[in-house]
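Student: I'd like to learn how to read a protein model, one feature at a time. Could you walk me through this one?

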Amino acid sequence: VSAIEDFCRDIGDVPVVTDERVLRLRSRDQFAISPLLRSALAGKSADVLVSPRSKDEIRRVVAAAARHRLPLTARGGGTANYGQSVPLEGGILLDMTSYKGVLGIKDGIARVCSGTVVDDVDVALRAQGFELRIHPSTTTHATIGGFVAGGSGGIGSAQWGMLRDRGNIVALEVMSCEEEPRLTELRGDDVALVHHAYGTNAIITEMEVPVAPAWAWRECLIAFPDYISCARFGIALAHETGIVKKLISIQEWPVPQWMRALNNVVPDGHSMANCYIAPQSRDACKDFVVEHGGTIVADHASGENPFGAPLFEFAYGHGLRQLQKADLKFTGLQGLFPAAGLLDTIAAVHARVDRSMPMRLEIFYSQGEVVGMGSPLLTFESDTEMARMVELLQSHGVHVANSHTTGVREVGIKQITDRDITFKQVMDPHGLLNPGKMDFGTEIERNLPTSGWVFRRAG
Ligand SMILES: Cc1cc2nc3c(=O)[nH]c(=O)nc-3n(C[C@H](O)[C@H](O)[C@H](O)COP(=O)(O)OP(=O)(O)OC[C@H]3O[C@@H](n4cnc5c(N)ncnc54)[C@H](O)[C@@H]3O)c2cc1C
């Protein structure tokens with residue numbers, strides 16, 4: 001009898017799938033967005049998928065995995081774009097989506113089960129006049145646990161900063177992977193141990209997240225005759241603390257033309273700022289746009305624009321998706337443009353690249369400062385060319401994460417300290433959680449010469 005059969009027997013009536021076709025499908029995430037990962041991860045598959053419905057069932061699954069020494073990879077919505085939830089060594093795929101629900105909202109904090117779809121959390125919150133501070137552009141499919149374990153920020157970061165910034169995750173209840181799984185509640189700076197660790201050091205069961213007032217957001221597209229004016233506006237808007245906003249995404253012409261749905265909205269040759277503005281700030285924003293030489297070319301209530309999707313699906317990773325509809329070879333890099341001299345850095349990179357590589361950046365807060373994230377849009381030809389772009393960005397002081405690899409350390413968004421190593425050893429003594437994604441004691445192998453993002457505080 002194989003270990004998998006023993007495992008299935010031990011977990012009793014927890015729903016299980018062993019159909020190979022389903023397993024292959026569910027063992028993928030959105031890594032195909034990266035041309036480098038497309039081939040590297042082809043064919044990786046779990047041996048069994050389990051969908052526990054309660055904390056007790058999760059505990060049963062985790063205990064049995066530890067007893068039989070089977071690899072265990074958590075999966076939320078499977079929307080991660082670096083293959084984070086692909087089981088590199090087979091074993092068990094722990095589908096968290098049946099463990100869902102909003103458990104309570106009190107004192108500006110929501111307590112939720114980690115398998116809840118992000119948008120479902122927002123629907124529950126809005127009934128009480130609140131919403132999440134930050135959501136990913138994948139909000140309709142991603143789970144809140146997957147966002148915290150695999151994501152970094154998103155819509156809302158223009159006001160609140162990145163997920164890693166203090167206060168954006170209140171608490172994480174996590175389970176260790178042992179024969180007798182333990183539950184621990186992490187608070188304060190300790191939440192950083194599990195955030196962006198890809199489920200390699202604990203399974204998140206419940207979490208507490210801060211909420212914000214729910215506004216009837218305006219989705220605005222603002223056109224500028226040149227990219228530097230657009231960038232200057234985007235940075236200034238972020239600094240304008242009295243204007244309440246949720247998204248500032250600045251995209252150079254011809255990106256608006258290549259995003260088919262926006263084709264005739266932004267005038268020829270114009271770059272666009274894609275912004276979410278609270279209704280209370282609409283008039284102030286209009287004057288601010290005029291002062292910066294821009295023109296508002298679209299202004300709709302959320303859910304009422306004619307573009308076939310909310311405007312946040314034309315920013316972040318979704319912006320790239322829109323572009324890949326026109327050419328699958330389009331790709332990009334996750335450059336973090338530091339706060340100091342931000343506009344000068346953007347202008348310097350802009351001056352170095354060919355206009356067939358238009359700039360795409362999101363502007364938001366990180367550690368209380370306004371930064372940019374993104375890169376020129378690349379048409380993937382070879383690793384060598386992509387490496388050249390990494391070097392060009394880094395030569396201008398841009399910190400580049402490797403969005404084309406699966407390892408936590410190789411990606412370079414989470415800074416690993418001795419505390420992380422100890423925590424991993426304590427929570428996952430048999431090394432079963434999402435194996436291959438966070439290995440210590442080995443040289444970091446990089447397929448690109450990235451040096452990773454830099455922050456003042458580890459985590
Ligand atoms: C088009 C596109 C746009 C995107 N936009 C954004 C964006 O705006 N902001 C952003 O941050 N990211 C973005 N991403 C990346 C991804 O959507 C986010 O990381 C997302 O929130 C992941 O949630 P998920 O439930 O799909 O997680 P999954 O893909 O299922 O998992 C992500 C990681 O978390 C782990 N995990 C899942 N659940 C748990 C749990 N309960 N306990 C422990 N570990 C767990 C998995 O093992 C995996 O390593 C985007 C991706 C795509 C393809």
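This is a predicted model: local features need pLDDT of at least 70, side-chain atom pairs count only at pLDDT 80 or more; totals for chains, interfaces and linings use all residues.

Student: Where does Tyr 198 lie, and what is its phi near?

Tutor: Tyr 198 sits in the loop between β9 (183-187) and β10 (203-213). Its phi is near 60°, again a positive value in a residue other than glycine. With a relative accessible area of 5%, though, Tyr 198 is buried.

Student: Let's stay with the backbone. Which residues does a cis peptide bond join?

Tutor: That would be Trp 253 and Pro 254, where omega is about 10°. Pro 254 belongs to the loop between β12 (245-251) and α9.

Student: Now aromatic rings. How is a pair of them described?

Tutor: You give two things: the distance of the centres and the angle of the planes. For the angle, planes under 30 degrees apart count as stacked, and over 60 as edge-to-face.

Student: How many aromatic pairs does the count come to here?

Tutor: Five aromatic pairs. One of them is Trp 258 with Phe 330: the centres are 5.2 Å apart and the planes are at 25°, which makes this pair stacked. It links distant parts of the chain, as Trp 258 is in helix α9 (residues 255-258) and Phe 330 is in strand β15 (residues 330-331), 72 residues apart.

Student: Are those two residues buried or partly exposed?

Tutor: One of each. Trp 258 has 25% relative accessibility, so it is partly exposed, while Phe 330, at 7%, is buried.

Student: Why is the pair of Trp 453 and Phe 455 edge-to-face?

Tutor: Because the planes of Trp 453 and Phe 455 stand at 75°, with the ring centres 6.3 Å apart. Both of these residues are buried.

Student: Which residues do ring pairs link into a cluster?

Tutor: Phe 224, Phe 233 and Phe 288.

Student: On to helices. At what angle do α8 and α12 pack?

Tutor: Helix α8 (residues 227-239) and helix α12 (residues 342-352) pack at about 155°, with their axes 10 Å apart. That is why α8 is roughly antiparallel to α12. Their crossing is right-handed. On the α8 side, the contact is made by Tyr 227, Ile 228, Ala 231, Arg 232 and Ile 235. From α12 come Leu 342, Leu 343, Ile 346, Ala 347 and His 350.

Student: What is Thr 345 in contact with, leaving aside its neighbours within four places in sequence?

Tutor: Thr 345 is in helix α12, and it contacts Phe 337, Ala 340, His 396 and Val 398 once those neighbours are set aside. At 10% relative accessibility, Thr 345 counts as buried.

Student: Where are Ile 58 and Gly 167 found?

Tutor: Ile 58 is part of helix α4 (residues 55-67) and is buried, with a relative accessible area of 0%. Not counting residues up to four places away in sequence, Ile 58 touches Pro 52, Met 96, Tyr 99, Met 175, Ile 203 and Thr 205. Gly 167 is in the loop between α7 (157-160) and β8 (171-175), and at 41% relative accessibility it counts as partly exposed. With the residues up to four places away left out, Gly 167 touches Arg 133 and Pro 210.

Terms used. Residues are numbered from 1 along each chain as its sequence is written. Side-chain values use heavy atoms; hydrogens and water are left out. Rings of Phe, Tyr and Trp (its six-membered ring) pair if their centres lie within 6.5 Å; planes under 30 degrees apart count as stacked, over 60 as edge-to-face and the rest as tilted. Helices (H or I, at least four residues) and strands (E, at least two) are DSSP runs, numbered from the N terminus. Buried means under 20% relative accessible area, exposed over 50%, partly exposed in between (1.4 Å probe, protein chains only). Axes are lines fitted to C-alpha atoms, for helices over the stretch in contact, and angles run from 0 to 180 degrees between N-to-C directions. Angles under 35 degrees count as roughly parallel, over 145 as roughly antiparallel, 65 to 115 as roughly perpendicular and the rest as oblique. A crossing is left-handed if the near helix is turned anticlockwise from the far one by less than a right angle, and right-handed if clockwise. Contact means heavy atoms within 4.5 Å.
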